[in-house]
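Subject: A structure to look through

Dear colleague,

I am passing on a structure that I would like you to open beside this message. Please keep it in view while you read, and follow each part of the description on it.

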Amino acid sequence: GFVSWVEMEKHADGFKLHKQALKHNIGIAPGQIFSAQGQFHNYFRLSYGMPWSEKVDKGLRTLGELIRKQ
């Protein structure tokens, strides 16, 4: 598998995005869980290893829509 560390706009909230994504069966890791000081609030980690499919494409499009709404 692979991992991407994604930085969003400064005002975005990775934990809020995580909760919204779960409602669409999309799992991401909010950046805050990787810092003992609560840093990286506008980051998230995306892990992937599945072959490209319509399901993966739809999930990434949905995640992009959720990020734009932040």
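Helices (H or I, at least four residues) and strands (E, at least two) are DSSP runs, and they are numbered from the N terminus. This is a predicted model, in which local features need pLDDT of at least 70 and side-chain atom pairs count only at pLDDT 80 or more, while totals for chains, interfaces and linings use all residues. Residues are numbered from 1 along each chain as its sequence is written, and side-chain values use heavy atoms, with hydrogens and water left out.

The overall fold

The protein chain holds 2 helices and 3 strands, and from the N terminus on these elements follow the order β-α-β-β-α. Its C-alpha trace spans about 35 × 25 × 20 Å along the principal axes. The radius of gyration is taken over C-alpha atoms, and the globule rule is 2.2 Å times the number of residues to the power 0.38; because a compact globule of 70 residues would have a value near 11 Å, the 12 Å of the protein chain agrees with that rule. Where contact means heavy atoms within 4.5 Å, 62% of the contacts between residues at least 6 apart in sequence join residues at least 24 apart.

The core

A residue is called buried under 20% relative accessible area, exposed over 50%, and partly exposed in between (1.4 Å probe, protein chains only). By that rule, 34% of the 70 residues count as buried. A nonpolar core is a set of buried Ala, Val, Leu, Ile, Met, Phe, Trp, Tyr and Cys residues joined through side-chain atoms within 4.5 Å, and the largest one here has 10 residues, among them Met 8, Ala 21, Ile 26, Phe 44 and Leu 66. The elements that give two or more residues to this core are α1 (14-22), β3 (43-48) and α2 (54-68).

Apart from its neighbours within four places in sequence, His 18 is in contact with Ile 28 and Pro 30.

The loops

Asn 25 lies in the loop between α1 and β2 (29-30), has a phi near 60 degrees, a positive value in a residue other than glycine, and counts as exposed because its relative accessibility is 75%. Phe 40, in the loop between β2 and β3, likewise is not a glycine and has a positive phi of about 65 degrees; with a relative accessible area of 32%, Phe 40 is partly exposed. Met 50 belongs to the loop between β3 and α2 and is exposed, at 59% relative accessible area. Although Met 50 and Gly 1 are 49 residues apart along the chain, their C-alpha atoms are separated by 7.7 Å.

With kind regards
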